Amino acid sequence: MKLEKLRVGVAGLGLIGQVHLVNYLSHPNVEVVALADTDPERRAGKLNRLHGNLDEFTKEPIALGEFRSYEDPFKMCEDKDIDIISVCLPTDLHAAVTLKALENGKHVFCEKPPALTSREAIRLTVTAEAMGKTLMFGHVLHFWAEYVEAGKIIESKKYGRSLAASFARCSSRPAWSIGGAEQGWFGNPERSGGVAVDLHIHDADIAVWWWGRPQEIDASGAFIGNMPSVIHSRWRFRDGLIAQFEATWETVTTMPFYFNFKVTMERATLLFDSRNADGLQLATEDKLVSIPLKKAEAYRLEDYYFIDCILHGKPVDRCPPESSILSLDCVLEEARQIAERHRGITSV
């Protein structure tokens with residue numbers, strides 16, 4: 001059976017927008033027909049190869065074909081010849097552009113987080129259901145080999161139940177946003193949500209995926225200026241599992257980006273650290289082994305999965321919107337606690 005071509009418009013051509021654009025250009029059932037960006041050079045196809053923590057995905061030149069160009073992403077959402085809008089804009093625009101696209105009958109892939117508030121995010125899922133359109137939020141770790149395999153091992157309970165876990169995700173300040181039309185938006189907490197909503201949400205989403213809703217959240221952290229930039233958090237789950245998190249946007253720009261996790265089960269421990277070439281490891285009573293995994297570009301797998309759901313009318317059950325909203329709920333609660341404690345310190 002020959003599958004239809006889906007016409008895609010990409011809103012936002014910064015770092016992550018270029019990553020998704022490359023994937024859409026490579027898909028046999030996708031035609032990129034429109035681009036939206038406030039930068040005229042990007043709209044003209046002169047992509048500036050932004051640098052950040054996704055360098056490995058953006059080294060090759062991007063070959064662009066014919067496309068329509070929009071300065072305003074809301075106008076692109078009204079284009080009747082587009083089937084899908086891929087929202088890769090600054091975080092404060094996610095909800096409004098996604099809603100506009102859905103109301104105009106488009107399927108939508110929206111980068112994480114869904115929105116800056118849970119109410120906005122819920123409205124998006126309700127609208128998608130009412131319009132009969134596919135909506136997916138971009139939590140790429142659901143397609144990252146080490147996290148996928150670890151999830152399978154945890155769910156199988158081959159080594160007993162999970163007792164404790166720790167996660168870290170640390171980076172320099174996201175200086176790659178400086179320059180161009182989005183100058184400094186990461187540094188404005190009202191636009192990015194700070195480290196909780198932008199960076200830490202990756203690990204929060206994994207914990208929700210693996211173990212569900214936490215029973216209790218206790219978070220502390222630090223501000224750099226007016227920006228929440230450090231998180232130390234502890235979640236307790238109903239079965240007694242304790243998960244601890246660290247996430248930072250460091251004060252210096254030379255800080256290397258890294259992420260890791262450790263999951264202690266009754267009869268084994270899972271280990272992964274992006275700085276360790278051994279990949280995902282399993283420690284048991286008698287040995288420590290690296291688990292062989294087939295390497296693949298997680299962002300490409302994510303985009304291709306979304307396209308496949310649309311082409312075959314399948315629900316987005318690998319990364320369901322409801323799970324994304326629960327992850328957002330959790331990090332917003334952490335951010336609330338950190339802000340409250342910060343106000344208490346600064347008022348003394």
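**Surroundings of Thr98 and overall architecture of the chain**

Apart from neighbours within four places in sequence, Thr98 is in contact with Val87, Val108, Cys110, Leu124 and Leu135, where contact means heavy atoms within 4.5 Å. The model is predicted, so that local features need pLDDT of at least 70 and side-chain atom pairs count only at pLDDT 80 or more, whereas totals for chains, interfaces and linings use all residues. Residues are numbered from 1 along each chain as its sequence is written, and side-chain values use heavy atoms, with hydrogens and water left out.

Thr98 belongs to helix H4, which covers residues 94-103; helices (H or I, at least four residues) and strands (E, at least two) are DSSP runs, numbered from the N terminus. Because its relative accessibility is 0%, Thr98 counts as buried, a class defined as under 20% relative accessible area, with exposed meaning over 50% and partly exposed in between (1.4 Å probe, protein chains only). A polar atom of the Thr98 side chain lies 2.7 Å from the backbone oxygen of His94. Asp198 is 100 residues from Thr98 along the chain, and the C-alpha atoms of these two residues are separated by 18 Å.

Two loop positions were also examined. Pro113 is placed in the loop between strand S5 (107-111) and helix H5 (118-131), and the peptide bond that leads from Lys112 to Pro113 is cis, with omega near -10°. Lys157 is found in the loop between helix H6 (145-156) and strand S7 (162-172), where its phi is near 60°, a positive value in a residue other than glycine. With a relative accessible area of 51%, Lys157 is exposed.

For the chain as a whole, 10 helices and 14 strands are present, and 53% of the 348 residues count as buried. The radius of gyration, taken over C-alpha atoms, is compared with a globule rule of 2.2 Å times the number of residues to the power 0.38; the value of 20 Å for the chain agrees with the radius near 20 Å that a compact globule of 348 residues would have. Along the principal axes, the C-alpha atoms fill a box of roughly 60 × 55 × 40 Å. Of the contacts between residues at least 6 apart in sequence, 71% join residues at least 24 apart.

How values were computed: Polar contact = N/O pair within 3.5 Å; in protein donor to acceptor, adjacent residues only side chain to side chain.
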